[in-house]
Amino acid sequence: MYEPLYKSLYRIRRVEEEVARIYPTDKLKSPVHLSIGQEAVAAAMCAPLDRHDIVFGTYRSHATYLAKGGDLKAMLAEMYGKGTGCTKGKGGSMHLIDIDAGVMGASAVVGTTIANAVGYAYSVKLKKQSTIVMSFFGDGASEEGVFAESLNFAVLKKLPIIFVCENNGYAIHTHQTKRQGLPDICGRARAAGLPAELIEDNDILTMHERATAAVNALREGTATGPAFFECKTYRWKEHVGPGEDFKLGFRSKSEAQPWIENDQVKRVAALVPAVARKQIEAAVEAEIQEAVAFAENSEFPDLSELTTDVFHTVSTPAAIQKAA
Amino acid sequence: METTLCIDQYTPHKSASSGAAVASPKPERTLSYVDAVREATDQEMDRDASVILFGLDVDDPKAIQGTTRGLVEKYGPERVFGTPLSEDAMTGVAIGAALAGLRPIHVHIRMDFLMLSMNQLVNVAAKSSYMYGGKVKVPLVVRSMIGKSWGQGAQHSQGLYSFFMHVPGLKVVAPTTPYDAKGCLIAAIRDDNPVMYVEHRILHFQKGPVPEKLYTVNPGKARITSPGDDVTLVGISYMQLECLRAQRYLDDVGVSAEVIDPIWLAPLDIDTIVESVRKTGRLVVVDNGWTSCGASAEIVAQVTERLQGVRDVRVQRLGFAPVTCPTSPPLEAEFYPDSRRIAAVCNDLVHGKSQNWYPDERPELKDLEFKGPF
């Protein structure tokens, strides 16, 4: 169990460190919202999911994309704005998608994909599929109206969805306590009728255990509706970009220090035998090198791509007529 | 009288340009707009199990003026359901369901309520195909209704389709006749892209020929509903009926108006309108909305761009008064363009304002007013 978790964690951490390293060269033509420090949430929650299960994410979704098995080459090429990127250079780092891996996209507008995930889960239930949907969002999203509306509908229709609130304490630079009269996100979920659990301290092993139980309960039918987790975590880097933001004064390095000392990458590394760990690390480093080279060597999209994909072209009048 | 106007639109005529939708033969059967919408939904749900229907009150006893009547009994509460009062999330749910392969029809009994759905419609539905590089599609139909008469007022009367015409990735259709109501809805359901399907409450009362078979009225084709030579008169949604009435008034003074129903506003069949204006040299666009940045502004701009330097063109837009819709009957009447005002404006363009002609009301061309309660 520790080895796959470590691989997932280490891969996310190292990809993002590499992104931060390359960023100043201006080769990455995309705003980057790094999840360094928060990797444990995505790694733990996605671990029990199968490839065909579905996740929806946020603009800070590199970790979700990678933890769910998203293609690294396509991700980096996308951030370079290349035609081989996962959206052909049209979405950028905030709209990563990999349908084959069950990554159904992410939104730059906070809270937006919560409802999309619920709609996907409605389809799953209607079609009597075994798929499980997982919706990732931040603490800020819990203040959007769509959060309350979506939870209500998911409970009403008993949908196979797990909500994961990745609570890093800040919406850009504003702390949760400056935004919420009652900073109790689980309480809001319970009010909507959801079983909700708060997991403190970015604790990857607890998150993994609870996520596994929730996924199994949906698979086995012992749970007949959605579940909710609020996972406390911490963003080490600035809101957007590769640097730190402690100099802005809205938070202190001393606040961050316990989270940095409680680094889940190091914690899980210590649980993996040295030989296996070295193999994992070597494999990830090779994959990253290959992916960076792929992104750098890929071509920018052809200019004709500017006007394609506005509409799904199969729905030309001729095609509709044929269907008739 | 209303029936006459709708049936007239299918009389074949010589001057239809090749780009316009072909006039259909007059079918035997007559249906109301409401029943045409209901039948299209029923037939498509029967044909395709991926079609689902939801929205506030679609399953209640009034069944959205009857447009959804009987469907929950026939297709069950999983495919037909009323929703919580959550337009934002339910639009997001519709998009998520569409991403998963369903074909949702999301119904709003007032177009005004779509303001609560704008984030999902503009930021997700319209953009998903493009921003995900064509990897996903959102086959979604959003039905919404525009109100008029009997004091519907500020927030129950707005024709806001130009908002959606502005955004790449959305299709917009505002059918006028029962025939188009059915054909456009079937086309919208089968379209792999989000379609904003706009109904006008007054049009719900109209009756007209509607074939029983399934057929589509496809995106991007306007229809010349009455041929003419002196002025091109484009009427959107309900204003199409006012334009057809205006055309009757103009007959009295020997002005021949060519009336065009764009049907689909996005994609817009500008070619048919341009060809008509190339002939007439005069264009009046009557919108069921405000003129500023509206559908009428867009049509006039596109025609002017195409014909500048080619043809001297005189243009005029008509639409809602540039105020919030009032409720008192005399103020409300002043707020909307009507057939006599449209006719007078057309005559001014043809003969000059010095004639100062304003037609006396003909009772058979009087508007059918909506009566409460609603």
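Reader: Which residues lie nearest the centre of the largest cavity?

Author: In this predicted model, A:Thr113, A:Asn116, B:Val124, B:Ser128 and B:Tyr132 lie nearest its centre, out of 13 lining residues. A cavity is a set of points on a 1 Å grid over the protein atoms alone where a 1.4 Å probe fits but cannot get out, and lining residues have an atom within 4 Å of a point.

Reader: How much space lies in the largest cavity?

Author: The largest cavity holds about 70 Å³ of space, a volume being the space filled by probe spheres set on grid points joined across faces, edges and corners. The structure has five cavities of 30 Å³ or more.

Reader: Which elements give two or more residues to the lining of the largest cavity?

Author: They are β2 (103–107) and α5 of chain A, together with α6 (128–131) of chain B. Among the elements, β2(A) gives the most, with four residues. Helices (H or I, at least four residues) and strands (E, at least two) are DSSP runs numbered from the N terminus.

Reader: Nonpolar, polar or charged: how does that lining divide?

Author: It has seven nonpolar, six polar and no charged residues. Here Ala, Val, Leu, Ile, Met, Phe, Trp, Tyr, Cys and Pro count as nonpolar, Asp, Glu, Lys and Arg as charged, and the others, Gly among them, as polar.

Reader: At what angle do α5 of chain A and α5 of chain B pack?

Author: Helix α5 (residues 112–126) of chain A and helix α5 (residues 118–125) of chain B pack at about 85°, with axes 11 Å apart. α5(A) is therefore roughly perpendicular to α5(B), a label for angles of 65 to 115 degrees. Axes are lines fitted to C-alpha atoms over the stretch in contact, and angles run from 0 to 180 degrees between N-to-C directions.

Reader: Which residues make the contact?

Author: A:Thr112, A:Ala115 and A:Asn116 of α5(A) meet B:Asn119, B:Gln120 and B:Val124 of α5(B), with heavy atoms within 4.5 Å. Two of these contact residues are nonpolar, four are polar and none is charged.

Reader: What about the second largest cavity: which residues line it?

Author: Its lining includes A:Arg13, A:Trp236, A:Trp259 and A:Asp263, and its space is about 50 Å³. Four of its lining residues are nonpolar, four polar and three charged.

Reader: How should I treat the numbering and the model?

Author: Residues are numbered from 1 along each chain as its sequence is written, while chains are lettered from A and ligands numbered from 1 in the order written. Local features need pLDDT of at least 70, side-chain atom pairs count only at pLDDT 80 or more, totals for chains, interfaces and linings use all residues, and side-chain values use heavy atoms, leaving out hydrogens and water.

Technical notes: Parallel < 35°, antiparallel > 145°, perpendicular 65-115°, else oblique. 1 Å grid on protein atoms, 1.4 Å probe; cavity = no way out; pocket = protein on both sides within 12 Å on 5 of 7 lines; lining within 4 Å.
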